[in-house]
4 protein chains.
Amino acid sequence: MMVVVMQQEASLHEVSAVLRMVEAEGLTPRISNSSGRTSIGVINATPELRPELFAALPGVEEVTGLKRPFKLASREFCPQDTLVHVRHVVIGAERVCLMAGPCSVETEEQTQAAAEAVLADGAQILRGGAYKPRSSPYSFQGLAVKGLEILARVRERTGLPVVTEVIAPELVPLVADYADMLQIGARNMQNFALLEAAGQCNKPVLLKRGLMASIEELLMSAEYLLANGNSQVVLCERGIRTFETYTRNTLDINAVPLLKQLTHLPVIVDPSHATGKRDLVAATSRAAIAAGADGLIVEVHHDPDHAWSDGAQSLAPQQFQAMIPGLRRIADAVDRSL
Amino acid sequence: MMVVVMQQEASLHEVSAVLRMVEAEGLTPRISNSSGRTSIGVINATPELRPELFAALPGVEEVTGLKRPFKLASREFCPQDTLVHVRHVVIGAERVCLMAGPCSVETEEQTQAAAEAVLADGAQILRGGAYKPRSSPYSFQGLAVKGLEILARVRERTGLPVVTEVIAPELVPLVADYADMLQIGARNMQNFALLEAAGQCNKPVLLKRGLMASIEELLMSAEYLLANGNSQVVLCERGIRTFETYTRNTLDINAVPLLKQLTHLPVIVDPSHATGKRDLVAATSRAAIAAGADGLIVEVHHDPDHAWSDGAQSLAPQQFQAMIPGLRRIADAVDRSL
Amino acid sequence: MMVVVMQQEASLHEVSAVLRMVEAEGLTPRISNSSGRTSIGVINATPELRPELFAALPGVEEVTGLKRPFKLASREFCPQDTLVHVRHVVIGAERVCLMAGPCSVETEEQTQAAAEAVLADGAQILRGGAYKPRSSPYSFQGLAVKGLEILARVRERTGLPVVTEVIAPELVPLVADYADMLQIGARNMQNFALLEAAGQCNKPVLLKRGLMASIEELLMSAEYLLANGNSQVVLCERGIRTFETYTRNTLDINAVPLLKQLTHLPVIVDPSHATGKRDLVAATSRAAIAAGADGLIVEVHHDPDHAWSDGAQSLAPQQFQAMIPGLRRIADAVDRSL
Amino acid sequence: MMVVVMQQEASLHEVSAVLRMVEAEGLTPRISNSSGRTSIGVINATPELRPELFAALPGVEEVTGLKRPFKLASREFCPQDTLVHVRHVVIGAERVCLMAGPCSVETEEQTQAAAEAVLADGAQILRGGAYKPRSSPYSFQGLAVKGLEILARVRERTGLPVVTEVIAPELVPLVADYADMLQIGARNMQNFALLEAAGQCNKPVLLKRGLMASIEELLMSAEYLLANGNSQVVLCERGIRTFETYTRNTLDINAVPLLKQLTHLPVIVDPSHATGKRDLVAATSRAAIAAGADGLIVEVHHDPDHAWSDGAQSLAPQQFQAMIPGLRRIADAVDRSL
């Protein structure tokens, strides 16, 4: 990707001239405004496209390349933090965003109960799966549309925006109709058809890191979303697969500060999947905030021992409540709120 | 899953009575015929369903459960090897099946050249990607329908059946129209919507192991295909992700004999992806056959250094040709042909 | 292992009677005092040894087994936190213990400079390698005895106790002569001859987790130290090897709260090795303390770009200094000090 | 490392002149003779040592460097295969070397029984552990000297040379007194003090790859042995640790042809540890020979179900016998014998 960096004082007219030039070459420009300076990314610039073409235009400061394979997602291209808006909730700003709720939407009562509990404890977004990707074809696969409807009604009653998973490209319009934020799950992180569909939709996306995916691959998948026009993307570290068997996954805490360096997108942590053990959620949640995470997504169920999925890693409401003051103290300690 | 095992000499009438009883319970029976004995699998049997219901029927030998989470895919359920038919080619029988061809379909000439070369050296199936899942949105993504058309024309001219990848559920009917066998790639091994669509189509499926998927997860994904009605499934070990950096992936050779024990489905190996290095393809192909693989899928390109993807692991036709006699000798040594 | 749990009010006389009985069976008793209650572990109890033998003695409450393969190291055997004393420094109590210093002892000036810098910023223990296990026989292997002498002189001048690595059983007495705490490095975590030698020496031991070792294996290696008589053991999570290549290792933050549950031994974190990148040390150090670590061991060098080893992950003194206030705030937030 | 390559027709006198020049610089020369050409390696050559110094000498063809971090172990330095001699047995030549025997030496009868069985089936070397590195301090640790004595007596009676593990530097002279080949186990692959001691002893060494060691690290550990003067080194791939749980380890079959490219040292495979399952030993042994391994080391026990260690992966004599004809056919197919 070639990046045309405009001078601080470049006029709108000068920026437009660059955009027209890019389009005249049959290419699509991508605009970033960071700290009052405009950059124009030119993707798929062929080797024949000479930088001099742009360098000579008025208002242009310099024309550069980007070293990393991710471009629009890179901190280099957009130095300023991206804020992601899920209804009235802002992710990536001073307040650490707490998303919580059941693994699966099971019944309206269960979802309502979880929503009320987590709302009371400061959660800003309700999570809950209507479509569940399950290893076994014989496991509960989610309530589908009925689950989406439940989520929508619970949102109406509680005011909590809803994030829920979408598992196939053709379901994107449907899920986007009900949800406030689309989740792309770990197993679908490299489902490129799904990424393209979600990239073309106008809802923010929560992109979870695959359990087998490198940090670079996660950013490349974000790049799919951005290159398809959706810049409202939140990344989620949810544990990677290693040789360790005492925990379900290994929370890659290094990824949090590293991602914050490499990209301008918000980064959250899922301590429930990253540990697989209820007992470890509070401590790893504190660690995530201390390391710089912009949010958490936590599984909470009113009766974990009877949850239809992920019971072992779900918190009961009182356990969720009990960990909040500790998280708040850590948030304070890194000059944030919760 | 509950399995109703019929006596060797059970009549068709007796088998039918069991099937009717299963359906009367609102469940779907799955039939397996192995060594002249019929078994009927009853999936999603609730705890309330009592084995005695079936045990008392005439012709029933015993009613058992299965220990592993994969049922229809298990050797326990179907002791006899499944043969998969791709046009006139049989996979899983005495002859080791050689699939070969370019990573991507680039042009008609390139595909034709590769097909002719591999045909001359004993390949039975042509591989080639029309839809390419790529980590980067800026990489070549395949020729799509145009690629499928090229593959179909090359098949007409060479007689080689074609296996090609499908990357989204809504593409299944289109790809099935052109291809003789659908490939589900490593990154989509747990794309359950895709597995369901492919399970409901009437073409054989080549299911590749995810690069960080366990053997059990691979078999569970096969179970999705089988439970959706498609029993023509070939499994492919294509290397897993480890800490080793000298090779692109680590070929899990243990998986070959282990899968042959655990399942009745044919098992092939992809030495190109499993090593990522052209130099290692011949030796690991020999190892795969020696370990009991039913086939190989190898990347061959007429000009690897200019391949649009995977050049480093593609063989030139003369390299492919050079390794064949060695493979044949190994096949002989395990009482198979090539 | 069989554990004889005494009644709260058991007399010294009653405890002695149990000890004599154990010895009469030709076995070695291990005593733990936790919350005012004495337990006596009987290791290598053969199946023939009947619990009734002890259960009948006066003052005995119950005779139990332990489920985990680690016994003396388990929280079950010793519910109370072990405090490890390195001269005047206590590890495992309220104050988070900061160990810092250069990777290798290079010169007296360099070591003294690092020691003064880290002392000024609140470090309690000086780290520095005199014996360096290096992948290459051609790399700098440490100053050996000369390095130990430097460490001893720097300790005299600064008052900082010294932790340094020992790499062979026969070096244990020598290193123990100079050092206040012996480090067993990641590559030697399963060097059982070394563990036995260190277990028989009277200096506290810092046991680092192997980059390939499971949490259970780490605890089993600690068990070697304890079973050989040394109960002054600190465990160190220093990152494990995974497929991720952007970082040198993956800090397994889950291990911190999990180890605190499983064992009574103090747990510290090495953010330098766990990340391999200077830039990530501050954030992961905060995470470690937030997750419950009892200490940190950090590489600090007065001139990292010219360090003889591990320069990329070493902090300059001013970088070390800059992160301390942030760590202190996190320590406060978990009711500890630094 | 600087390498001085002599002309094909260089005289002994000319070679000596180069050696004297190296020593005059205070450095140690390493000589390699491959295909009738002599090369002289100069290790630890400081940047000040100018190639011109040697290039000007008579008989010198060129002075080069080596790219890889391993030098003496590299194929580049020594193009010709190294043959390792264990008494009358040659490893690395046309005949695939079969090493077999029990995991642990338990009793004289058990060892003798295993030795006789494997000898009858074509094994050339007897394996058996007298010192056992065990994760638990409470597990059987081997018979130590008593085990070495048993091995020596069994050798006398059967004529089979003996390979056995050494686990500490100070034990090297003792074990070397009894054994014909020293084994350095996976957990000690980076026990550098042990490598140095074994490098200075005059017995051939079997170096096993660590369960999470990269191929480069294995070669660097071999380099320790070579740099300390012992060039009789055999490398052993014995499975690496991955996320897969159906097998104890993952046999990295890629490593076999890759090591044969990178180094001149013989490479063998341990199918017993690499799978952890008796059922998989025959198939993976065939794969190893097909991939180019120079030998196998297999655990055989006269009564695996009562073995004191590693029973699940040990073959009974009749199972060992049953797999031999299959191995022989594979060996034939790659122009080798067994």
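The model is predicted. Over all chains, 8 aromatic pairs are counted. Chain A and chain C bury about 3,300 Å² between them. In chain B, helices H3 and H4 pack at an angle of about 40°.

**Aromatic pairs**

- The count of aromatic pairs over all chains comes to 8. One of them joins B:Phe192 and B:Tyr224.
- The rings of B:Phe192 and B:Tyr224 are stacked. A pair counts as stacked when the planes are under 30 degrees apart.
- B:Phe192 belongs to helix H6 (residues 192-199) of chain B, and B:Tyr224 belongs to helix H7 (residues 215-227) of chain B, so the pair ties together parts that lie 32 residues apart in sequence.
- Both B:Phe192 and B:Tyr224 are buried.
- Chain C has a stacked pair too, made by C:Phe192 and C:Tyr224. The distance is 4.7 Å centre to centre, with 25° between the planes.
- This pair links distant parts of chain C. C:Phe192 sits in helix H6 (residues 192-199), and C:Tyr224 sits in helix H7 (residues 215-227). The two residues are 32 residues apart.
- C:Phe192 has a relative accessible area of 6%, so it is buried. C:Tyr224 has a relative accessible area of 1%, so it is buried. The cut-off for buried is under 20%.

**Two packed helices in chain B**

- Two packed helices are described by the angle between their axes and the distance between the axes.
- Helix H3 (residues 108-120) of chain B packs against helix H4 (residues 145-158) of chain B. The angle is about 40°, and the axes are 10 Å apart.
- The crossing of H3(B) and H4(B) is right-handed.
- From H3(B), the contact uses B:Glu108, B:Thr111, B:Gln112, B:Ala115 and B:Leu119. From H4(B), it uses B:Ile150, B:Leu151, B:Arg153, B:Val154, B:Arg157 and B:Thr158.
- Sorted by class, the contact of H3(B) with H4(B) holds 5 nonpolar, 3 polar and 3 charged residues.

**Where chain A meets chain C**

- Chain A gives 43 residues to the contact, and chain C gives 43 residues.
- The area buried between chain A and chain C is about 3,300 Å². Carbon and sulfur atoms give 61% of this area.
- A:Phe243, A:Tyr246 and A:Asn254 supply 22% of the area that chain A buries against chain C. That is more than any other three residues supply.

**A buried glutamine**

- B:Gln183 is in strand E10 (residues 181-184) of chain B.
- The relative accessible area of B:Gln183 is 5%, so B:Gln183 is buried.
- Leaving out residues up to four places away in sequence, B:Gln183 touches B:Val163, B:Thr164, B:Glu165, B:Val166, B:Leu206, B:Lys208 and B:Ile297.

**Two residues with positive phi**

- B:Ala144 has a phi near 55°, a positive value in a residue other than glycine.
- B:Ala144 is placed in the loop between strand E8 (125-127) and H4 of chain B. Its relative accessible area is 24%, so B:Ala144 is partly exposed.
- D:Arg87 is not a glycine, yet its phi is positive, at about 50°.
- D:Arg87 lies in the loop between strand E5 (84-86) and strand E6 (89-91) of chain D. Its relative accessible area is 55%, so D:Arg87 is exposed. The cut-off for exposed is over 50%.

Methods
Residues numbered from 1 in each chain as written. Chains lettered and ligands numbered in written order. Predicted model: local features only at pLDDT ≥ 70, side-chain atom pairs only at ≥ 80, totals over all residues. Heavy atoms only, no water. Phe/Tyr/Trp six-rings, centres within 6.5 Å; stacked < 30°, edge-to-face > 60°. Helix = DSSP H or I, 4+ residues; strand = E, 2+ residues; numbered from the N terminus. Buried < 20%, exposed > 50% of the residue type's maximum accessible area, 1.4 Å probe, protein only. Axes fitted to C-alpha atoms, helices over the stretch in contact; angles between N-to-C directions. Left-handed = near helix turned anticlockwise from the far one by under 90°. Contact = heavy atoms within 4.5 Å. Nonpolar A, V, L, I, M, F, W, Y, C, P; charged D, E, K, R; others polar. Buried area = accessible area lost by both parts, 1.4 Å probe.
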